Amino acid sequence: YNSVVDNASNNITFIGFDLISTEVIPLLPLPAKKVQMEFIGDSITCGYRVNCNIPHDPSVGAYTLESVLNAYSGLTCANLDAQCHYVSWSGRGMAFNLYDSSALVSTLYNYTMATVLDTEDLWDFSYFTPQIVVINLGTNDFDNPIINKDDNKQVYVQKYADVMWQIANQYGLSTSIVTICGPMTYSYCQYVQNAGALATQQHPEMTLPHFVQLARS
């Protein structure tokens with residue numbers, strides 16, 4: 001299982017099946033769609049609080065208001081009738097997290113379960129090969145004051161470039177990479193573009209990433 005994750009516990013335990021019949025019916029995989037996409041991001045990609053118009057119990061927390069299906073990521077997937085894979089975690093970043101030093105999304109991306117960072121639990125990228133990979137990471141990096149210290153903006157740019165090269169290397173050099181900035185802040189837009197330029201400078205064989213600035217609605 002490798003999908004949308006968030007700050008809420010996502011420790012999944014398989015207990016078993018309750019069978020209502022002894023008849024065995026093969027479970028066949030759904031036919032693959034023409035477009036496969038992957039989304040890598042933070043709470044914007046998760047759809048944190050996008051269902052804010054729905055009554056909820058405040059004691060439960062805001063995660064009941066979360067829906068990737070109503071986020072830009074899920075809506076894009078639905079509008080393109082694509083098969084999509086999501087890796088996202090609120091508060092985490094590409095090179096720096098907003099609140100703490102927990103594992104970055106750029107690290108979690110390599111694991112099957114974000115709460116089990118074990119070398120035996122590495123994600124097998126051959127399971128799903130998208131033609132398009134969308135990245136929206138930077139809001140949390142640039143909301144953390146540490147970004148303004150030393151050369152940390154360049155650390156972000158290099159880490160971003162490294163992740164783009166990893167994507168191109170594992171999925172194929174023709175993979176379309178879409179880098180997104182916004183919509184909560186646009187303070188890091190130039191650095192996202194710098195990362196795309198750096199990635200293709202260091203690895204000229206990869207396809208030039210596309211840059212998109214999300215507008216506020």
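Me: What share of the contacts in the chain with a separation of 6 or more comes from residues 24 or more positions apart?

Reply: A contact means heavy atoms within 4.5 Å. Here, residues 24 or more positions apart account for 72% of the contacts with a separation of 6 or more. This is a predicted model, where local features need pLDDT of at least 70, side-chain atom pairs count only at pLDDT 80 or more, and totals for chains, interfaces and linings use all residues. Residues are numbered from 1 along each chain as its sequence is written, and side-chain values use heavy atoms, leaving out hydrogens and water.

Me: Over which residues does pLDDT stay under 50?

Reply: pLDDT is the predictor's confidence in each residue, from 0 to 100. Where it is low, the predicted coordinates should not be read in detail. In this chain, pLDDT stays under 50 over residues 1-8, while the chain average is 88.

Me: Which residues of helix H5 are buried?

Reply: Helices (H or I, at least four residues) and strands (E, at least two) are DSSP runs, numbered from the N terminus. Buried means under 20% relative accessible area, exposed over 50%, partly exposed in between (1.4 Å probe, protein chains only). An α-helix has 3.6 residues a turn, so residues three or four places apart point the same way. H5 covers residues 152-171, and its buried residues include Tyr156, Tyr160, Met164 and Ala168.

Me: What do the buried residues of H5 pack against?

Reply: Their partners include strands E1 (36-41) and E3 (132-136) and helix H6 (189-202). Just after H5, Gly172 has a positive phi of about 120°.

Methods. The expected span of a helix is 1.5 Å times one less than its number of residues.
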